[in-house]
Amino acid sequence: QVDLVESGGGSVQAGGSLRLSCVVSPYPRSSNAITWFRQAPGKEREGVAFLYTGSGITYYADSVLGRFTISQDSARNTVYLQMDNLEPEDTAMYYCATTFWSRVGPQNWFQPAKYNSWGQGTQVTVSS
């Protein structure tokens, strides 16, 4: 059983920045996929940033490419999502999720059904 705890959400104005944290316990010794998802009211959950913990490979949704950065600090059991130049459209509940690396690939790494452990979420609100 893997536990994930998100933090760092809040309210900012458009153009501002936030850094979300996801503490993963236990932190994967082999390569896992850890992904940040978000869900706005009335919308489906969508993946925004993906990381393979072993290789460090990352992938981003087009909507956040160039503005969001996913990274890890295994010594702190933490995966981060640095969010810059935030837009009102980024307003959502943000979740981190993990699954074994072999369950996902380029064709499905943003499919929520592929992930078996989820955090409780942290709210991000961006005002114009």
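Okay, let's start with a pair of side chains: aspartate 90 and arginine 38 meet in a salt bridge, N to O at 2.9 Å. By salt bridge I mean a side-chain nitrogen of Lys or Arg within 4 Å of a carboxyl oxygen of Asp or Glu. This one ties together distant parts of the chain, 52 residues apart: aspartate 90 sits in the loop between S8 and S9, arginine 38 in strand S4. The strand labels are DSSP runs, numbered from the N terminus (E, at least two residues; helices would be H or I, at least four). Both aspartate 90 and arginine 38 are buried, where buried is under 20% relative accessible area, exposed is over 50%, and partly exposed is in between, with a 1.4 Å probe and protein chains only.

Quick housekeeping: this is a predicted model, so local features need pLDDT of at least 70 and side-chain atom pairs count only at pLDDT 80 or more, while totals for chains, interfaces and linings use all residues. Residues are numbered from 1 along each chain as its sequence is written, and side-chain values use heavy atoms, with hydrogens and water left out.

Back to the charges. The count comes to five salt bridges. Another one is glutamate 87 with arginine 67, where the closest N and O atoms are 3.9 Å apart. Glutamate 87 is partly exposed at 31% relative accessible area, whereas arginine 67 is buried at 10%. Salt bridges with shared partners join Arg38, Glu46, Arg67, Glu87 and Asp90 into one network. Then there's aspartate 73 with arginine 76, at 2.9 Å, N to O; arginine 76 counts as exposed, at 57% relative accessibility.

For pairing, DSSP has to find at least two bridges between two strands.

Going through the pairs, S1 and S3 have five bridges, and leucine 4 has valine 24 in S3 as its bridge partner. S3 and S8 pair over six bridges, with serine 21 opposite tyrosine 80 in S8. S7 and S8 also pair over six bridges.

Which cysteines does the disulfide join? Cysteine 22 and cysteine 96, S to S 2.1 Å, against a cut-off of 2.5 Å between the sulfur atoms. The link is right-handed, with 75° about the S-S bond. Cysteine 22 is in strand S3 and cysteine 96 in strand S9, 74 residues apart, and both are buried.

Staying in S9, threonine 98 lies in that strand too, and at 2% relative accessibility threonine 98 counts as buried. Beyond four places in sequence, its contacts (heavy atoms within 4.5 Å) include Leu4, Ile34 and Tyr115.

Last stop, the core. The largest nonpolar core has 36 residues, and Trp36, Leu81, Met83 and Tyr94 have the most contacts inside it. Such a core is a set of buried Ala, Val, Leu, Ile, Met, Phe, Trp, Tyr and Cys residues joined through side-chain atoms within 4.5 Å. S5 gives the largest share, five residues.
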